Amino acid sequence: MTERKPMSLQRLLDMHASGDKIAMLTCYDAAFASLLDDAGVDVMLVGDSLGNVLQGQTSTVPVSLDEMVYHTRCVARGRKSAWIIGDLPFDSYQASLQEAWKSAAALFKAGAHMVKLEGGGWTAPVVRFLVERGIPVCAHLGLTPQTVTMLGGYKVQGREEAAAALMKQQAQELVAAGAQMLVLEMVPSALATELTQTLGIPVIGIGAGVGCSGQVLVLHDMLDVTPGRRPRFVKNFMQGGAGSVQEAVRRYVSEVKAQAFPQDELHGY
């Protein structure tokens, strides 16, 4: 097997510019990091979703920074070439710019190449503060799990004209502040496509349609491990003949690259 070159921020930006789709999955440990890397995943997100799928929590809120640092370190040990994004958990960046820096630096030291934070508006100064000090930032708009109670539950965001206009404004502010990537979660496909075409940075969708620069799913969801009902945007890649976890991940990467997943009529809004 030909060894892949390490992914870089510039390569991700080039992929977006040329229309090459970016395949991202969550990852929480060294063994899966190695498997995902070998299967061709471009970006591994050490997500605070570990609170749900590893810890059995009902939300991501209880996840601590120390836990995120631990899992980021584990993923970094197993990673060979993929880009690593570490989630800044709830109560690790909201209080002050200095707190945000300390938290982001801790994930960076653990092996993350980029950090992700949720929300728009007040987050733009945080993004600018981190980027000016050398830490790349991925923003996250739409359904933001850390503040889901404020959003009235797990609902599609940006359907109404005013909500869509606000999301566009916040996205532009985040890009102006220096965000180099954006995750859109549970956003109407048409709005996500418009943002992807206008922002100039990679836009990664999860329930945001095929028009995004790439896709991300929670690993346990796409392997059909997570108990309970699946969100509309999830596809079970173990179904339909996958003989192994690695084969299922390869299918996911292949379908994202070929724009066969997601299908807007099945997985979008």
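Visitor: What makes the radius of gyration of this protein agree with a compact globule?

Guide: With 269 residues, a compact globule would come out near 18 Å, and the protein has 17 Å, so the two agree. The radius is taken over C-alpha atoms, and the globule rule is 2.2 Å times the number of residues to the power 0.38. By the way, this is a predicted model: local features need pLDDT of at least 70, side-chain atom pairs count only at pLDDT 80 or more, and totals for chains, interfaces and linings use all residues. Residues are numbered from 1 along each chain as its sequence is written, and side-chain values use heavy atoms, with hydrogens and water left out.

Visitor: Why are H7 and H8 called roughly parallel?

Guide: Helix H7 (residues 161-177) and helix H8 (residues 189-199) pack at about 30°, their axes 11 Å apart. Angles under 35 degrees count as roughly parallel, so H7 and H8 get that label.

Visitor: Which residues make the contact between H7 and H8?

Guide: Contact means heavy atoms within 4.5 Å. H7 brings Ala-164, Met-167, Lys-168, Ala-171, Gln-172 and Val-175, while H8 brings Leu-191, Glu-194, Leu-195, Thr-198 and Leu-199.

Visitor: How many residues of the contact of H7 with H8 are nonpolar, polar or charged?

Guide: Seven are nonpolar, two polar and two charged. Ala, Val, Leu, Ile, Met, Phe, Trp, Tyr, Cys and Pro count as nonpolar, Asp, Glu, Lys and Arg as charged, and the others, Gly among them, as polar.

Visitor: What share of the 269 residues counts as buried?

Guide: That's 55% of them, where buried means under 20% relative accessible area (1.4 Å probe, protein chains only).

Notes. Axes are lines fitted to C-alpha atoms, for helices over the stretch in contact, and angles run from 0 to 180 degrees between N-to-C directions. Helices (H or I, at least four residues) and strands (E, at least two) are DSSP runs, numbered from the N terminus. Angles under 35 degrees count as roughly parallel, over 145 as roughly antiparallel, 65 to 115 as roughly perpendicular and the rest as oblique. Buried means under 20% relative accessible area, exposed over 50%, partly exposed in between (1.4 Å probe, protein chains only).
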